[in-house]
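Please keep the sequence and the structure in view while reading.

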Amino acid sequence: VPASSASKKGSIKRRTSRLLRRTASRRTLKKSSTEGRPPRLRTARYEGWISIQWAKDEEEKDAENGEDDEESAAGRSGSVLTATDEDAGPWTEPVPMGVYRINFGGGLPLRETPERDSAVLGKLDRGRCVEVVQTQVKGDRVRARVIVPDAPRDDREGSAGVEHASGWISLLNALTGSSGASPVPLGAYVAVAEEGCVITEGGRLDSRPRGSLVPGSCMEVVATRMEEGVVRGLIASGGHVTLFAPPGNRNDGRDPGGEKNAAANAGGKMFAMPVPLGTYQIIQNGLSVTTGISSSSAITMKLQPNATAEVVETRVEDGRVRGRVRSVANEDGSKVVGYERASSSGTGGAAAGGIHL
């Protein structure tokens, strides 16, 4: 009996040892197989309400003695945060409609419906301009319905271009942040065409002229559209102008028939250039930063020469180009006098305001 008992105990130990070795080897194999792989990303669908922006604009706030009631002011300064009383905002930006330029290297497929597995109607090559008229969220993609202008006629074989007038493309990948197309920017533009920019009453190229802008004139573009293959802009003062003719276009933006101005019919001509965004260096001593984009807003700080400001938006006011700044800094990296006060009324601790460009 003692011999059989010892044999049984030895058998149990051997089985236990084998089980432990198998478990350890499985864990090692699982760990090695997952190393080097990117973490799995899952998308979740939520339903509810969010704040988009304050209903009052900057000018209306300034008209009310520069401040709202104490409760709203406390909420914007960050001392009181509730579900309906946040900071200065805005907290969201809409995906804009208007003209987009395809920037994906391999081009984008044009599909029949918003579904990504729907029938392919054609392919939009990189650099082609389309007009976005509708957007939808499908999974992790922002999908857009686009109007594709007629492809330029060419007698060469194989150059028929996209045959369909409209379809759906992917604008944005929400997981990676990459975009397949970028919008033609809005904001301040400068007329650069030698003959200037003709302002028409309507969006069509053959609309009745109402004036013109000489080279170097500034205008504020608030919306864009495609018209007979060229990119047109609606300006804040009223009327439409031609911004540029995409490469390959056979219309110069002034003559619908394309019979005149043959040199411009090759396309690629710029009539107006956008004032660029980004970091600017201050060259004027004591440049004022105002609370709002308007020059009549209250002044929060003064910028010294060689200081830098990050411009994120441009507008035209009384013939001057104004820029909305998100952050400012002196040449040596120190904070600008008044920065703390501007930051307390801004978003995310960054000073915000407007400057003359």
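## Overall make-up

Of the contacts in the protein chain with a separation of 6 or more, 55% are between residues 24 or more positions apart, where contact means heavy atoms within 4.5 Å. The model is a predicted one, in which local features need pLDDT of at least 70 and side-chain atom pairs count only at pLDDT 80 or more, whereas totals for chains, interfaces and linings use all residues. Residues are numbered from 1 along each chain as its sequence is written, and side-chain values use heavy atoms, with hydrogens and water left out.

The protein chain holds four helices and 20 strands; these are DSSP runs, numbered from the N terminus, with helices being H or I of at least four residues and strands being E of at least two. Of its 357 residues, 34% are buried, a class that means under 20% relative accessible area, with exposed set at over 50% and partly exposed in between (1.4 Å probe, protein chains only).

## Strands β1, β4 and β5

Strand β4 is joined to β1 (residues 98–102) by four bridges, and these two strands run antiparallel. Seven bridges join β4 to β5, again in an antiparallel arrangement; two strands are taken to pair if DSSP finds at least two bridges between them. V132 in β4 is the bridge partner of G98, and V132 also has V146 in β5 as a bridge partner.

## The loop around D140

The hairpin of β4 and β5 has two residues between the strands, and G139 takes a positive phi near 65° there. D140 lies in the loop between β4 (129–138) and β5 (141–147), and D140 counts as buried because its relative accessibility is 16%. The side chains of D140 and R141 are joined by a polar contact of 2.8 Å, a term for a pair of N or O atoms within 3.5 Å; within protein, one atom must be able to donate a hydrogen and the other to accept it, and residues adjacent in sequence count only if both atoms are side-chain atoms. D140 and A174 are 34 residues apart in sequence, yet their C-alpha atoms are 5.2 Å apart in space.

S217 is placed in the loop between β10 (209–213) and β11, and S217 is buried, with a relative accessible area of 17%. A polar atom of the S217 side chain lies 2.8 Å from the backbone oxygen of V214. Leaving aside residues up to four places away in sequence, S217 touches Y189, V190 and A191.

E228, in the loop between β11 (218–227) and β12 (230–235), has a positive phi of about 55° although it is not a glycine. D318, in the loop between β18 (308–317) and β19 (320–329), is likewise a residue other than glycine with a positive phi, near 55°. E228 is partly exposed at 34% relative accessibility, whereas D318 counts as exposed at 76%.

## Cysteines

How many disulfides does the count come to? The count comes to zero, a disulfide being a pair of cysteine sulfur atoms within 2.5 Å. C197 is buried at 2% relative accessibility, while C218 is partly exposed, with a relative accessible area of 30%.
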